[in-house]
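Here is a report on pockets and strand pairing. Look at the sequence and the structure, then read on.

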Amino acid sequence: MLNGIIVVKKEAGFTSNDVVAKMRGICRQKKVGHTGTLDPDATGVLPVCLGTGTKLCDMLAERDKEYVAELLLGVSTDTQDISGTVLSEKPVEASEEEVRQALMGFVGPYDQVPPMYSALKVGGKKLYELAREGKEVERKARRVEILEMEILEMALPVVKFRVVCTKGTYIRTLCADAGEKLGCGGTMKSLCRTRVGRYTLDQALTLGELQAIRDAAPLELAGVLIPTESAFEGYKRLRVKPEFDRLLRNGNEIPREGVVAETSGDAFSGEQIRACSSDGEFLGVYAYVKGTGKFRPVKMFL
């Protein structure tokens, strides 16, 4: 079984679940999961977790994401992208500077109302299912944050921009909100996710490329596999002493004296660290709990 992460370059027309289903066939294993939904028309980075790496799915979904998007001003649709039904068309009277200021005004914390065409659930039913039935329900605004915004090209009514944002941000809705702010409406023309956490587009392979690798030399798939540990590369890396290997492999607490490190225990208080066996094998994420003298397991990858 393959254990780790493969960064898939999702192509338009595939849902995230389609990618998972394809990857199960390519990798010939059932234990496969994705790390955050991308709309069918969107392209770009979709980290796919395999084997023990599937325990990362929720954790990676929490990471910041980067996108390159195109906003089409003067058009509003029911889906907030150009795949939807046009609701209104208005002239774009704003200047380039006004458009720039409107977009840059979203940088920082931002209360965003999720779109009806989304996979969020209300009363046990997905919003897009209700939308397809012609129903619209009230959605509570959610606090998201736009961490970075950069205008790449402007040829009104189209604006191409790069955005870095927190979990749960809908770029479609950002486009619609920008259009509303400018008084002309707006919809997302295109979207490419260029980064999820540390995983970037230049690491990504299409499903076709992965299938070709599998067909030519099945064992070569392991060569494109990124270790699970890579998700925690910013964490301190500590090894246990040989006599504590059994405790670590069982997911037990590890006393401070069982860890090989040069730093005093209190320096780790509140931090999460990479816990490795005495021979350097990454086995889990632990946190040192001040006052107990022990490292406590947070997530194991056995």
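The lining of the second largest pocket divides into seven nonpolar, nine polar and seven charged residues. Nonpolar covers Ala, Val, Leu, Ile, Met, Phe, Trp, Tyr, Cys and Pro; charged covers Asp, Glu, Lys and Arg; the others, Gly among them, are polar. The model is predicted: local features need pLDDT of at least 70, side-chain atom pairs count only at pLDDT 80 or more, and totals for chains, interfaces and linings use all residues. Residues are numbered from 1 along each chain as its sequence is written, and side-chain values use heavy atoms, with hydrogens and water left out.

A pocket is an open set of points on a 1 Å grid over the protein atoms alone, where a 1.4 Å probe fits, with protein on both sides within 12 Å along at least five of seven lines; lining residues have an atom within 4 Å of a point. Volume is the space filled by probe spheres set on the points, which are joined across faces, edges and corners.

| Pocket | Volume | Nearest its centre |
|---|---|---|
| Largest | about 1,000 Å³ | Thr37, Leu38, Asp39, Ala119 and Tyr170 |

Helices (H or I, at least four residues) and strands (E, at least two) are DSSP runs, numbered from the N terminus. In the second largest pocket, strand S5 (75-77), strand S6 (86-89) and H5 each supply at least two lining residues. H5 gives the largest share, five residues.

The largest pocket is lined by 35 residues. They divide into 12 nonpolar, 13 polar and 10 charged. Two or more come from each of helix H1 (16-27), strand S4 (65-73), helix H4 (127-132), helix H5 (171-182) and strand S12 (186-196). S12 provides the largest share of this lining, three residues.

S12 also pairs with strand S3. Two strands pair if DSSP finds at least two bridges between them. S3 and S12 run parallel over two bridges, and Thr43 stands opposite Cys192 in S12.

S3 has antiparallel partners too. Seven bridges join it to strand S1 (residues 4-10), where Lys10 stands opposite Gly44 in S3. Strand S2 (residues 32-34) is joined to S3 by three bridges, also antiparallel. Here Gly33 stands opposite Cys49 in S3.

Why is S3 largely enclosed by the rest of the structure? Seven of the eight residues of S3 (residues 43-50) are buried, so the strand is largely enclosed. Buried means under 20% relative accessible area (1.4 Å probe, protein chains only).

Note on methods
Buried means under 20% relative accessible area, exposed over 50%, partly exposed in between (1.4 Å probe, protein chains only).
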